[in-house]
Amino acid sequence: MKLHAINTGFFKLDGGAMFGVVPKSLWQRTNPADHNNLCTWAMRSMLIEDNDRLILIDTGIGSKQDEKFFSHYHLHGDESLKGNLKKIGLEPKDITDVFLTHLHFDHVGGAVERSGGILKPTFRNANYWTNRRHLSWANSPNKREKASFLEENIRPLEESGQLNFIDAPEGERRISTGMGFDAFVVNGHTDAQMCPIISYRGETIVFMADLLPSVGHIPLPYVMGYDTRPLITLEEKSLILNEVAKNGYRLFL
């Protein structure tokens, strides 16, 4: 097995929204804001090379949205999903699986592209993976999350026949994905988000997704204002970070 960190790009989000009730005087120590109170964030994916499978975890924001949409998020820099795959000798057609931790636009946007005015899966030979509970949540979003679940990111995957489902029963905190790794299932940020747990060269690496967006979010009360159930996030962080510390896991942010 071989792992690659794939930076899909940089964008900006409001620092207050990213840290919830935590005062700016505290969070700006790790995540300094610009004059508009915006902080820069990397949208990192992970690529797993495992025998004949190339498994991409999350896809970043993509490039198909219009100028107005992107003006809210201030994409910048030269990093991109396709560009960084190319640097390691891969094209989108080579990817066999795309594991989606959840379906918010900054994690799934790159899964679909616009070609000749038509929306289609970016990775034409890949199986895409989510779970039915989260897809149901995404297709009937609450008003708080509606802006994060975009039909153009989800419907083309459903219509293509490439979308597959991992069993993530309600109440189960750790599941087998059937892809050579387990995942934590967490429900504070959004319902049934999946955080992969990967055994690699004698170590365990956890892809934290939006359970822990940055090093600056390690303290338990540092919970995003975007989370639908912040008290559940706090509980989930406590349980998982204690397990991480006890067992010496590494965190991929």
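## Terms and basis

A residue is called buried when its relative accessible area is under 20%, exposed when over 50%, and partly exposed in between, using a 1.4 Å probe and protein chains only. Helices (H or I, at least four residues) and strands (E, at least two) are DSSP runs, numbered from the N terminus.

This is a predicted model, in which local features need pLDDT of at least 70 and side-chain atom pairs count only at pLDDT 80 or more, while totals for chains, interfaces and linings use all residues. Residues are numbered from 1 along each chain as its sequence is written, and side-chain values use heavy atoms, with hydrogens and water left out.

## Helix α6

Helix α6 covers residues 132-139, and its buried residues are Arg133, His134, Leu135 and Ala138. In general, an α-helix has 3.6 residues a turn, so residues three or four places apart point the same way. The buried residues of α6 pack against β7 (127-130), α7 (151-160), β8 (163-165) and β10; contact here means heavy atoms within 4.5 Å.

The N-terminal end of this helix is capped by Asn131, with a side-chain oxygen 3.3 Å from the backbone nitrogen of Arg133.

## Nonpolar cores

A nonpolar core is a set of buried Ala, Val, Leu, Ile, Met, Phe, Trp, Tyr and Cys residues joined through side-chain atoms within 4.5 Å. In soluble globular proteins, nonpolar side chains tend to be buried together. The largest core in this model has 33 residues, and Met46, Ile48, Phe99 and Ile198 have the most contacts inside it. Two or more residues come from each of β2 (38-50), β3 (53-57), β10 (182-186), β11 (193-200), β12 (203-207) and α8 (230-247). Strand β11 contributes the most, with five residues.

Which residues does Met46 touch, leaving aside its neighbours within four places in sequence? Met46 is in contact with Leu3, His4, Ile55, Leu56, Ile57, Ile198, Ile205, Phe207 and Phe252. A second, separate core has 23 residues, including Leu54, Leu56, Leu157 and Leu163.

## Pockets and a cavity

On a 1 Å grid over the protein atoms alone, a cavity is a set of points where a 1.4 Å probe fits but cannot get out; a pocket is an open set with protein on both sides within 12 Å along at least five of seven lines, and lining residues have an atom within 4 Å of a point. Grid points are joined across faces, edges and corners, and a volume is the space filled by probe spheres set on the points.

The largest pocket has a volume of about 670 Å³. Its lining has 34 residues, of which Phe11, Leu13, Met18, Asp106 and Asp210 are the closest to its centre. Strand β2 gives the most to this lining, with six residues. The second largest pocket holds about 320 Å³, and the closest of its 21 lining residues to the centre are Gly62, Ser63, Ser80, Leu81 and Lys82. There is one cavity of 30 Å³ or more; among the residues lining the largest cavity are Asp210, Leu211, Tyr222 and Lys237.

## Two residues with positive phi

Arg201 lies in the loop between β11 and β12, and its phi is near 50 degrees, a positive value in a residue other than glycine. Ala209, in the loop between β12 and α8, also has a positive phi near 50 degrees. Are these residues buried or exposed? Arg201 is exposed, at 68% relative accessible area, whereas Ala209 is buried, at 10%.

Terms used:
Polar contact = N/O pair within 3.5 Å; in protein donor to acceptor, adjacent residues only side chain to side chain.
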